[in-house]
Amino acid sequence: MEGLSWNAAAMATGSFKSLVRAPPQLSMAVSDYSAVTWSRSGGSHSIRAAIAAEKMPRAPLLGWNLPDVWRPRPNLPPCPALPERNLAVEPIAAVIDGKAIAQEIRGEIAGEVSRMRDAVGKVPGLAVVLVGARKDSETYVRSKKKACEEVGIKSLGIDLPEESTEDEVLRAVMMFNDDPSVHGVLVQLPLPQHICEEKILNAVSIDKDVDGFHPLNIGRLAMQGREPLFVPCTPKGCIELLIRSGIDMMGKRAVVIGRSNIVGAPAAMLLQRHNATVTIVHSYTKNAEDITREADIVISAVGVANLVRGDWLKPGAVVIDVGINPVEDPNSKRGYRLVGDVCYEEASRIVSAITPVPGGVGPMTIAMLLSNTLESAKRAYGLT
Ligand code: NAP
């Protein structure tokens with residue numbers, strides 16, 4: 001009951017946002033975890049009971065300050081070792097080779113960039129704003145720059161110190177917004193905590209928003225009959241993998257596991273645009289296994305190793321695994337290796353096609369960033 005009061009009190013006073021991503025010790029102070037879940041999905045009943053019992057101010061029926069509860073991720077057991085596969089009787093899934101498909105796309109982009117240089121004497125330009133010195137962010141930015149150079153896209157960047165003010169970051173974004181040789185501006189996330197991510201992303205000019213995170217681009221993606229200028233790179237990469245692997249989405253049942261702004265939600269919108277019938281599974285979904293087992297196409301973007309087991313999947317389904325999860329591996333030099341959300345060993349004995357991790361969706365994300373930058377430059381120079 002302590003959990004229910006805590007949660008309902010936060011909801012009633014509209015202070016949920018302040019609890020978002022609370023440190024684990026704060027979340028774990030909620031003793032009855034099921035009560036927390038119930039009060040969110042069961043909604044008004046539990047809140048009304050708590051308000052009546054504790055004479056708390058009444059919450060609005062539906063406000064913008066919707067609850068957003070931090071939830072610890074479970075540590076799932078590793079997939080068990082399976083017996084040798086009997087290839088005579090067990091089918092083996094086709095591997096959707098994201099690395100090869102991304103390479104093919106980069107080749108096409110390089111060809112288009114050279115055509116642009118011949119036609120108008122210009123090349124596309126991509127600018128990256130990096131704030132702080134996170135090693136992972138620096139690595140991502142370096143690989144984006146290298147990928148640009150390989151296809152002939154001009155790459156620019158600004159590295160700002162960790163303690164930069166919001167105004168300084170905004171000025172960097174504005175500078176690239178105003179530069180006609182720049183066709184894509186991206187801000188490497190995450191930003192340091194003192195900087196408002198939303199404010200910075202909203203400042204990126206919509207016609208240079210190659211990450212596709214601007215609310216106008218996402219809004220247009222969600223609406224029928226509207227065209228976004230850019231589609232977020234990772235979900236766009238997932239759909240491109242399906243198309244280039246000859247997998248038809250029309251009329252198929254699709255399940256997207258995860259509903260984040262950058263992957264799950266736009267992936268579901270894109271599948272719907274391709275006329276699939278889409279269900280979104282998230283951390284509050286009941287019977288996620290049963291729902292997923294109905295799907296002809298599964299896109300998983302959660303960030304939990306081995307969440308999706310073989311018995312979650314329908315025989316013959318197609319699986320796109322977006323998850324990138326480090327798991328301990330004493331045999332690896334780094335002490336860990338990367339796996340997806342889907343237990344590959346089990347899944348590959350059941351489904352008809354699956355992306356590996358690494359080498360599946362990852363390489364497609366950068367290829368789609370290059371493709372968005374090229375599209376933007378083509379629009380700017382009136383090329384088709
Ligand atoms: P995120 O913002 O943390 O979102 C994770 C989503 O998974 C949330 O919607 C969450 O539901 C849902 N979820 C969590 N636990 C669940 C469970 N047990 N059952 C069902 N759903 C659950 O993560 P993200 O940014 O979308 O990234 C997801 C994964 O993709 C990560 O591993 C990330 O590293 C990887 N990724 C890869 C690429 C690439 O290029 N390959 C690009 C981006 C991300 P709630 O909304 O209810 O919390």
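Modeller: Let us begin with the classes: Ala, Val, Leu, Ile, Met, Phe, Trp, Tyr, Cys and Pro count as nonpolar, Asp, Glu, Lys and Arg as charged, and the others, Gly among them, as polar. By these classes, the shell around the ligand holds 13 nonpolar, twelve polar and three charged residues. This is a predicted model, in which local features need pLDDT of at least 70 and side-chain atom pairs count only at pLDDT 80 or more, while totals for chains, interfaces and linings use all residues. Residues are numbered from 1 along each chain as its sequence is written.

Biologist: Which residues come nearest to the ligand?

Modeller: Of the 28 residues around the ligand, G258, S260, S283, G303 and T365 come nearest, and helix α14 (residues 361-381) gives the most to the shell, with three residues.

Biologist: What makes α10 oblique to α11?

Modeller: Helix α10 (residues 233-244) and helix α11 (residues 264-273) pack at an angle of about 40 degrees, with their axes 8 Å apart. Angles under 35 degrees count as roughly parallel, over 145 as roughly antiparallel, 65 to 115 as roughly perpendicular and the rest as oblique, and therefore α10 is oblique to α11.

Biologist: Which residues make the contact, and of what class are they?

Modeller: With contact taken as C-beta atoms, placed from the backbone, within 7 Å, P235, C238 and I239 of α10 meet P266, A267 and L270 of α11. The residues of this contact divide into six nonpolar, no polar and no charged.

Methods:
Near = placed C-beta within 6 Å. Helix = DSSP H or I, 4+ residues; strand = E, 2+ residues; numbered from the N terminus. Axes fitted to C-alpha atoms, helices over the stretch in contact; angles between N-to-C directions. Contact = placed C-beta atoms within 7 Å.
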